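Subject: Structure handover

Hello,

Here is the structure I promised you. Please open it first, then read my notes below.

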Amino acid sequence: MINKELIILGIDPGTTIMGFGVIKIIDKKMHLLELNELQLQKEKDHFTKLKLIFERTLELIDNFHPDELSIEAPFFGKNVQSMLKLGRAQGTAISAGLSRQVIIAEYSPKKIKMSITGNGNASKLQVARMLQSIFKIKSLPKNLDATDGLAAAVCHYYNRESINSEKKYSGWSSFVSQNPSKIK
């Protein structure tokens, strides 16, 4: 039996900090390859920030050769300008992935939190602590954007089989015909 390795890049997009994590799956076991963030606070020009997000995402793809990229979807807030900027950051990272033919998956913040902690309303710190336990991370980063990026990657690993092989049934007869081993 051939061991299939899978590399997933997870990104928490942002125009102040872009968090990211890279995991490698070997024999269904996760291994942490990278946990970091791109600091963008010093850049005043929004377009320069987008350029840096694009370049850093390409650099991560070229260095780690991920099979799939998982990204956190923008959440709906009251500040429309912030949402637009966040959407642009997300689109820029997605564009970088698409330019390298990487499969893209998007998850809501609630779905990511639920996948990691079992609670869709968990705090950033609760998510970070769970990841710290899973990967035996000695100390958490100062900003939790990096662990948010890692959480996106782990969420995708936990959910990818159901997404990629989700079966559709039109009724009991189609279920039975597609699952003969489940019938006695």
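Two strands pair if DSSP finds at least two bridges between them. Strands (E, at least two residues) and helices (H or I, at least four) are DSSP runs, numbered from the N terminus. This is a predicted model: local features need pLDDT of at least 70, side-chain atom pairs count only at pLDDT 80 or more, and totals for chains, interfaces and linings use all residues. Residues are numbered from 1 along each chain as its sequence is written, and side-chain values use heavy atoms, without hydrogens and water.

**The sheet**

Start with Ile 8, which stands opposite Glu 68 in E4. Strand E1 (residues 6–12) and strand E4 (residues 68–72) run parallel, joined by 4 bridges. They belong to an open sheet of 5 strands, in the order E3-E2-E1-E4-E5, with mixed pairing. Strand E3 (29–39) and strand E5 (103–107) are the edges, and each pairs on one side only.

**The pocket**

A pocket is an open set of points on a 1 Å grid over the protein atoms alone, where a 1.4 Å probe fits, with protein on both sides within 12 Å along at least five of seven lines. Its lining residues have an atom within 4 Å of a point. The volume is the space filled by probe spheres set on the points, which are joined across faces, edges and corners. The largest pocket has a volume of about 450 Å³. It is lined by 25 residues; Asp 12, Pro 13, Glu 72, Phe 75 and Leu 86 are the closest to its centre. Helix H2 gives the most to this lining, with 4 residues.

Best wishes
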